[in-house]
Amino acid sequence: MKIGILGGGQLGRMLLQAAANYTVETYVLENDPNCPSAHLCHFFTKGDITDFDAVYQFGKNLDAITIEIESVNVDALEKLQSEGVKVYPHPSAIRIIKNKITQKQFYKDNGIPSSEFVITETKEDLLNHLSFLPAVHKIGEGGYDGKGVQIIHNEFDLDKAFTAASVLEKKVAIKKEIALIVAMNDKGETALFPASEMMVNPALNLLDYQISPALIPEKVLWVVEAVAIKLVKALKSPGLFAVEMFIDQNDEVWVNETAPRVHNSGHHTIEANYCSQYDMLWRIMLQYPLGNTDPILPAAIVNIIGEDGYSGNVVYEGLEDVLKTDNAFVHLYGKQTTKPGRKMGHVTIMHKDYQDLTHKANKIKNTLKVKAN
């Protein structure tokens, strides 16, 4: 089969690494010929994944196509699907999810528990919703890795708000932030990966480190799994979906966001689960049976993020010390330049003892630094 990936970042890179186990011809469309995925695919095409013609021409001779980022041209994917190219997930699911406004409306329409929200078009619109604060302002389209998200505590924060169409979500009193990855094949069969607990960097608003399986009460886990399956079934699309959720102080479960693709919260599955999230997506696209999602050992992921104050050619400090750590697996994404907050890699740690996992995760976070020369 000939299968294409829209986007050539680290998610595409790890997807291509898993593809090496199968008889499949891989294609990547990306603007940057030096992107992390470029040298790992069979055929690389330089092009804009948001451009209709670029996506259509790239995909028209392929058997199937998938994405590693939501900001793709959905119109082109719809045309490709109508002409017989299999698209994972379906363009209809990508269209719902890629815009935070339609995503929130989808939750409301399908009885998916999610925090209250209002839609704003300008900063001034927030003046009509001061009683709604504290709230989280999310730009409708274009946000990623913490960009396009602002917490509005009170009227003094209104200058942080977005002028474009956005969602203002009621802030949830979070006890735990978790993610659960759901796989669904063309037959509608599903497989759930164990939930992961995410520790988010409050300054950058992106994942700092995480632990899986998450330590949550069984009754709460049942709700988490039921909500995730209900959500994915409602999307009516095969593919891999990462459902990010909050557990509040009363153990109520709320959906935060969904990603229609492989996800940062599932990196650990490469080493720590019998079937990785990347292998699972290939199984879906190649029409193979769904894999075994059971954990081999509990695991933690530490994101390797560009340090503040450093931009330029990347230098890794403390890498050798991390590589000496037992059951630590280093993944560098091959990005040649760093900048503050940029994801440059991750480290997975495996251990049966959760206390040891947390200790090693914090140690690695403080040892491995991404700087520039």
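In what order do the four strands of the open sheet run, and is the pairing parallel or antiparallel?

1. The order is 6-9-7-8, and the pairing is antiparallel. Note that this is a predicted model. The sheet is open and has four strands.

2. Next, the edges and the twist. Strand 6 (117–120) and strand 8 (149–152) are the edge strands. Each of them pairs on one side only. From one strand to the next, the twist averages 25°.

3. Now the pairing of strand 7 with strand 9. Strand 7 covers residues 135–139, and strand 9 covers residues 166–170. Five bridges join them in the antiparallel sense.

4. Which strands does helix 5 lie across? They are strand 6, strand 7 and strand 9. Relative to strand 9, helix 5 runs at about 45°.

5. Helix 5 (residues 100–109) also packs with helix 4 (residues 91–98). The angle is about 105°, and the axes are 5 Å apart. Angles of 65 to 115 degrees count as roughly perpendicular, so helix 4 and helix 5 are roughly perpendicular to each other.

6. Which residues make this helix contact? Helix 4 supplies Arg95, Ile96, Ile97 and Lys98. Helix 5 supplies Lys100, Thr102, Gln103 and Phe106. By class, the contact of helix 4 with helix 5 has three nonpolar, two polar and three charged residues.

7. To recap, helix 5 takes part in two arrangements described here: helix 5 packs with helix 4 at about 105°, and helix 5 lies across strand 6, strand 7 and strand 9.

Conventions. Residues numbered from 1 in each chain as written. Predicted model: local features only at pLDDT ≥ 70, side-chain atom pairs only at ≥ 80, totals over all residues. Heavy atoms only, no water. Axes fitted to C-alpha atoms, helices over the stretch in contact; angles between N-to-C directions. Parallel < 35°, antiparallel > 145°, perpendicular 65-115°, else oblique. Contact = heavy atoms within 4.5 Å. Nonpolar A, V, L, I, M, F, W, Y, C, P; charged D, E, K, R; others polar. Pairing = 2+ DSSP bridges.
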